[in-house]
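I opened my notebook today to look up a few things in this structure. Come along and check each entry against the picture.

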Amino acid sequence: MPNIKLFSGSSNLDLSQKIADRLGLELSKVLTTKFSNQETCVEIGESVRGEDVYILQSGCGEINDNLMELLIMINACKIASASRVTAVIPCFPYARQDKKDKSRAPISAKLVANMLSVAGADHIITMDLHASQIQGFFDIPVDNLYAEPAVLKWIRENISEWRDCTIVSPDAGGAKRVTSIADQLNVDFALIHKERKKANEVDRMVLVGDVKDRVAILVDDMADTCGTVCHAADKLLAAGATRIYAILTHGIFSGPAIFRINNACFEAVVVTNTIPQEDKMRHCPKIQVIDISIILAEAIRRNSEGCCLCLIFNHPDL
């Protein structure tokens with residue numbers, strides 16, 4: 001693949017290496033350090049003049065540091081005369097702050113979009129945005145990819161009773177996601193209506209749909225402290241579900257998340273590798289990982305060749 005340079009930030013080196021391997025490329029050289037006052041310093045280790053540059057950085061771990069590192073890398077490549085700079089952000093940072101839900105609240109996702117554009121990004125590739133309207137915050141092209149094909153493959157290969165399961169959304173906002181999966185599996189779907197007292201704290205839940213004597217598969221775009229999915233699992237168990245799985249695109253798992261999962265009634269909690277999970281898996285054997293590097297690698301390949309990204313999901317490995 002000529003004229004492509006693939007750089008990785010420090011947030012998810014394992015995923016970056018898998019994408020590079022699938023593309024048959026070596027990760028380009030970049031050195032990231034911090035000054036004694038904790039300012040981030042980035043040195044691009046090879047020429048990018050006239051090149052099509054892709055920078056991989058996920059919104060996880062030390063989110064603010066990783067975001068700043070991404071902005072500096074974009075700007076460094078842009079002022080070094082790269083022909084195009086594409087930011088590949090598997091998990092978009094600040095995606096949950098996408099609207100004013102109370103007085104004087106910031107719309108931080110819009111601020112992040114502005115910063116990426118000002119830094120010099122020409123194109124954004126991301127996955128399962130928390131809210132699709134975030135694409136409209138940008139004046140540059142945004143490709144929002146979906147983990148759905150990898151999720152469908154995992155369900156068919158790992159749940160023997162998948163033909164008699166119910167796909168469940170833990171909130172009304174995920175209804176479109178679960179109906180799409182349920183339609184492709186030709187199974188029923190349900191949703192749980194939740195009311196929050198405040199962020200990360202659910203007041204009450206109401207199940208809409210039937211899961212009695214069925215396998216229930218909770219599907220959501222992300223889980224942070226896991227209060228919602230664990231309460232949802234309890235609700236499904238009380239409603240008569242025989243086994244309960246959770247499938248999440250972005251497993252943030254902060255605060256008491258691991259403790260809650262270990263004590264919940266899940267058979268497995270399945271996440272993609274948009275966020276590194278090695279440390280969490282050591283503390284929680286229920287966590288399993290779906291590799292989505294093939295989706296991101298194919299998106300990069302097709303984007304560099306000027307091909308349609310919607311044909312990614314015709315790939316024989318999906």
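**Entry 1: a pair of charges.** I began with Asp122 and Lys78, whose side chains meet in a salt bridge with 2.7 Å from N to O. I noted that this pair links distant parts of the chain: Asp122 sits in the loop between helix 3 and strand 6 (123-127), Lys78 belongs to helix 2, and 44 residues separate them. I wrote down that the model I am reading is predicted. Is each partner buried or exposed? Asp122 has a relative accessible area of 25%, so I listed Asp122 as partly exposed. Lys78 is at 29% relative accessibility and also counts as partly exposed.

**Entry 2: helix 2.** Helix 2 covers residues 63-78, which makes 16 residues. From first C-alpha to last, helix 2 reaches 22 Å, close to the 22 Å expected at 1.5 Å a residue. Which residues of helix 2 are buried? I found Asn66, Leu67, Glu69, Leu70, Leu71, Met73, Ile74, Ala76 and Cys77. I then checked what these buried residues pack against, and my list includes strand 1 (4-8), strand 4 and helix 3 (108-119).

**Entry 3: strand 1.** How many residues of strand 1 are buried? I counted five of five, so I call the strand mostly covered, using the cut-off of under 20% relative accessible area for buried. Both faces are covered: Ile4, Leu6 and Ser8 are buried on one side, Lys5 and Phe7 on the other. Strand 1 runs parallel to strand 4, and five bridges join the two. I looked up Ile4 in particular, and its bridge partner in strand 4 is Asp52.

**Entry 4: Asp52.** Asp52 lies in strand 4 (residues 52-56). Its relative accessible area is 9%, so I put Asp52 down as buried. Leaving out residues up to four places away in sequence, I saw Asp52 touch Asn3, Ile4, Lys5, Ser83, Arg84 and Ser304. A polar contact of 3.2 Å also joins the side chains of Asp52 and Tyr54.

Arg84 forms a salt bridge with Asp52, and the closest N and O atoms are 2.8 Å apart. Arg84 is in strand 5 and Asp52 in strand 4, so the pair ties together parts that are 32 residues apart in sequence. Arg84 is partly exposed, with a relative accessible area of 25%.

Entry 5: How many salt bridges does the structure hold? I noted 15. Another of interest to me is Arg96 with Asp224, where the closest N and O atoms are 3.0 Å apart. Arg96 lies in the loop between strand 5 and helix 3, and Asp224 in the loop between strand 11 (215-223) and helix 6 (227-238), so this pair ties together parts that are 128 residues apart in sequence. Arg96 counts as partly exposed at 40% relative accessibility, whereas Asp224 is buried at 12%. I also found a network of salt bridges linking Glu298, Arg301, Arg302 and Glu305.

**Entry 6: the record.** Last, I checked UniProt, where an unreviewed entry places "domain: Ribose-phosphate pyrophosphokinase N-terminal" at residues 4-120. Over residues 4-120, I read off 33% helix and 22% strand, with the end C-alpha atoms 17 Å apart.

Terms used:
Residues numbered from 1 in each chain as written. Predicted model: local features only at pLDDT ≥ 70, side-chain atom pairs only at ≥ 80, totals over all residues. Heavy atoms only, no water. Helix = DSSP H or I, 4+ residues; strand = E, 2+ residues; numbered from the N terminus. Buried < 20%, exposed > 50% of the residue type's maximum accessible area, 1.4 Å probe, protein only. Polar contact = N/O pair within 3.5 Å; in protein donor to acceptor, adjacent residues only side chain to side chain. Contact = heavy atoms within 4.5 Å. Expected span 1.5 Å × (residues − 1). Pairing = 2+ DSSP bridges. UniProt positions renumbered as here; feature names shortened; annotations may be inferred. Salt bridge = Lys/Arg side-chain N within 4 Å of Asp/Glu carboxyl O.
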